[in-house]
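Reader: I am new to this structure. Could you take me closely through the charged side chains that pair up, and then through what lies around them?

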Amino acid sequence: MLSATAGIILCLLVLFTLLLMGAPIFICLLLSGMIGLVSVEGWQMLNNVAGKIAFSHVSGYSLLAVPMFIFMGNLLLTHRIGQDLYDGMYRWFGRLPGGLAIASTIVCAIFGFMSGSNTAASATIGSIAIPEMEKKKYDRKLSLGTLAVAGTLAALIPPSTIMIIYGVNVSGISIGEVFVGGIIPGLILTGLMSLYIFIVAKISPKLAPAGTSYAFKDKVKLLPRLVPVGILFVAIVGGMYMGVWTAIEASAASVFISIIIIICYRRLSAAAVWDAVKRTVKISGMIYMIIIGANVMSYLFFVTGFQDAVSKFILHFSLPPWGTMLLILFIMTILGTFLDVIALITISVPIFLPLVTAAGYSDVWFGVIVTVASEMALCTPPVGVNLFVIQGIAPRGTTLLTVAKGAAPFIGVIWVLLVLLVAFPGLVTWLPGTMGAR
Amino acid sequence: MLRAIIAAINKTSSFFGLLSGILICVLACLLIYDVFMRFAINRPVDWTLDITQLLQAAIAFLAAAYVLKIDGHVNMSAVVSNLGPKWGRRLTITANAITGLTSAWMCWLSWSLFTKSLAISEKSFGIEIPLAPWKLLVSIGFGLMCLQGLSMALNLWLHPEEFTSDGREGH
């Protein structure tokens, strides 16, 4: 058998080889973790734990909210509820320089309150906004980059599947608190992104020309279209904030309320519901398998003491708390370029959380920080899922590189938010501190 | 003959994907019922807790092969798409074969999870549902994924014209 260090090196070599070969990420994590475990601990250990890890990690109670929030997002997507939001916001912000891109960003943020899925947000708003931006001769890199990153706002604004995955990995944490903690950073990021687009459009109007101006009464006329968002926001976030129900109860209620909203809009169709079910199977199935693969690898890191070694490595720099956090975020940014966000969270949270709490930060705060870091992972090649989604609905011939180049400046904007949150943790922790208990 | 086997495997994966979709609807109904009983009628039920958790595991394992079939699992396709059709196809065949073989390994490893659970008549904590049939789903799920992975490798080997190196969608 190999030493722990040699086992980890072997595991990472297998991982990178498989990633480069284009194997599904869950297989890369699973096989490299299994090979690592066999080489360090022997066959018997693997035989004892592999099945257990697979079964126990996908039958957890907290995880139940994931398929439900994804189902809710897909129901709204397949019944075209996002279209109304977009029309409403365009009338308010369309006349500004970069107005279409700003409206898309704001709609993605609002859609985030109704959906836990970043791909549902990107796909919904992207499929409406891209043809409009093409018509207005927007710079393609700017328009596609905006939509790829704006879609990730759904990961930060509650409900969020990524925050649930974080909650599953941290014992005793209230997912509701992490949800509520994401509201202020989500709104700040929406503002920062809009400001960036406005400045770019002001400097180079050709990149993002201003749109049509509407009369005030026409703007007000479309405000009732925001009612569904208001209802879902009150039901999901309001319910958890007041301590009425848990994230899982909120997720079930949100599916029910979405169906009622769709019925009220007279858009309910069996075909669209089944389409939403199929999309949910696809996304949930993918998430579950990554959870299994990432947990096998995380178990290897645990038994070999790799987590302690990383902690010692970071501590030996003797950095102040904010320095430790920036170093952790830097490492997570690198990991996020080649790991899916679910794997990133499952593997990195057990390693970094003890360091973060020792530095004086709360686990709720770290949950939001990890989610913001995950937003970058969603938009950086080669595994940035949102880049693929936007490429899939972009005009024919658009390469992944074009979308990635467009998203790159927004990564800088996300880093501005991260620095703000490290400098002022109260931006995250204040709102959860005022919550009712449940 | 091989074409028929590949088609049969695809159909099986699709069938279990469909079953998984139905289970998602059942799961949603159960969770909504639970919330309704707790908050509207004020008579909380306890039996949904065990069932919903086990249903979730069933959804995860029964959907896995279907998700593989429709290319729903996230991967890093940058290298494959830049290699050109010949080497891209070879690498994809290898990746699919590795997916199949890894799943076969997991299918074998998780079999003991089922046999041990069966031997001790293991039951869930709440309403004491026998766990062995649910744990068998781990082996079934990985077994289906093994067949799907290997059939995709075989299909691409037999039909080079079906190779595409597109990016894939995730969550």
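Author: The answer starts with the charged pairs and then moves on to the backbone, a helix crossing and a surface patch. This is a predicted model, where local features need pLDDT of at least 70, side-chain atom pairs count only at pLDDT 80 or more, and totals for chains, interfaces and linings use all residues. Residues are numbered from 1 along each chain as its sequence is written, chains are lettered from A and ligands numbered from 1 in the order written, and side-chain values use heavy atoms, leaving out hydrogens and water.

Side chains of opposite charge can pair when their charged atoms come close. How many salt bridges does a search of the whole structure find over all chains? There are 7. To count, a side-chain nitrogen of Lys or Arg must lie within 4 Å of a carboxyl oxygen of Asp or Glu.

Start with A:E134 and A:R140. Their side chains meet in a salt bridge, at 2.9 Å from N to O. A:E134 is partly exposed, at 26% relative accessibility. A:R140 is partly exposed too, at 31%. (Buried means under 20% relative accessible area, exposed over 50%, partly exposed in between, with a 1.4 Å probe and protein chains only.)

Next come A:D218 and A:K221. The closest N and O atoms of this salt bridge are 3.8 Å apart. Both partners sit in helix α13 of chain A, residues 216–221. (Helices, H or I of at least four residues, and strands, E of at least two, are DSSP runs numbered from the N terminus.) Why are A:D218 and A:K221 separated by about one helical turn? Because they are 3 residues apart in that helix. A:D218 is partly exposed, at 22% relative accessible area. A:K221, at 57%, counts as exposed.

Then look at A:R279 and A:D275. Their side chains meet in a salt bridge, with N to O at 3.6 Å. The two are 4 residues apart in helix α16 of chain A, residues 270–304, so about one helical turn separates them. A:R279 has a relative accessible area of 30% and is partly exposed. A:D275 is also partly exposed, at 30%. Along the chain, A:D275 and A:P425 are 150 residues apart. Their C-alpha atoms are separated by 41 Å.

Which residues are linked in a network of salt bridges? They are A:E249, B:D34 and B:R38. This network takes in residues of chain A and chain B.

Now the backbone. Most residues other than glycine have a negative phi, and most peptide bonds are trans. A:K137 is not a glycine, yet its phi is positive, about 60°. A:K137 lies in the loop between α7 (118–135) and α8 of chain A. It is exposed, with a relative accessible area of 65%. In chain B, B:N42 has a positive phi of about 60° and is not a glycine either. B:N42 lies in the loop between α1 and α2 (47–69) of chain B. B:N42 is exposed, at 61% relative accessible area. There is also a cis peptide bond, which joins A:P158 and A:P159 with omega at about -5°. A:P159 belongs to the loop between α9 (153–156) and α10 (161–169) of chain A.

Return to helix α8 of chain A, residues 140–150. Its axis and that of helix α22 of chain A, residues 400–423, come within 7 Å and cross at roughly 55°. That makes α8(A) oblique to α22(A). (Under 35 degrees is roughly parallel, over 145 roughly antiparallel, 65 to 115 roughly perpendicular, and the rest oblique.) Within helix α22 of chain A sits A:G412. A:G412 is partly exposed, at 37% relative accessible area. A:G412 and A:I351 are 61 residues apart along the chain, with their C-alpha atoms separated by 25 Å.

Last, chain B. B:M1, B:L2, B:I5, B:W157 and B:L158 make a nonpolar surface patch of about 570 Å². Two elements of chain B give two or more residues each to the patch: α1 (2–40) and α5 (132–158). (Patch residues have over 30% relative accessible area and no salt bridge; like charges are joined within 9 Å, nonpolar side chains, Val, Leu, Ile, Met, Phe, Trp and Tyr, within 5 Å.) B:W157 lies in helix α5 of chain B. Is B:W157 buried or exposed? B:W157 is exposed, with a relative accessible area of 57%.

Technical notes:
Areas by Shrake-Rupley, 256 points an atom, 1.4 Å probe, with all protein chains shown as cover. Axes fitted to C-alpha atoms, helices over the stretch in contact; angles between N-to-C directions.
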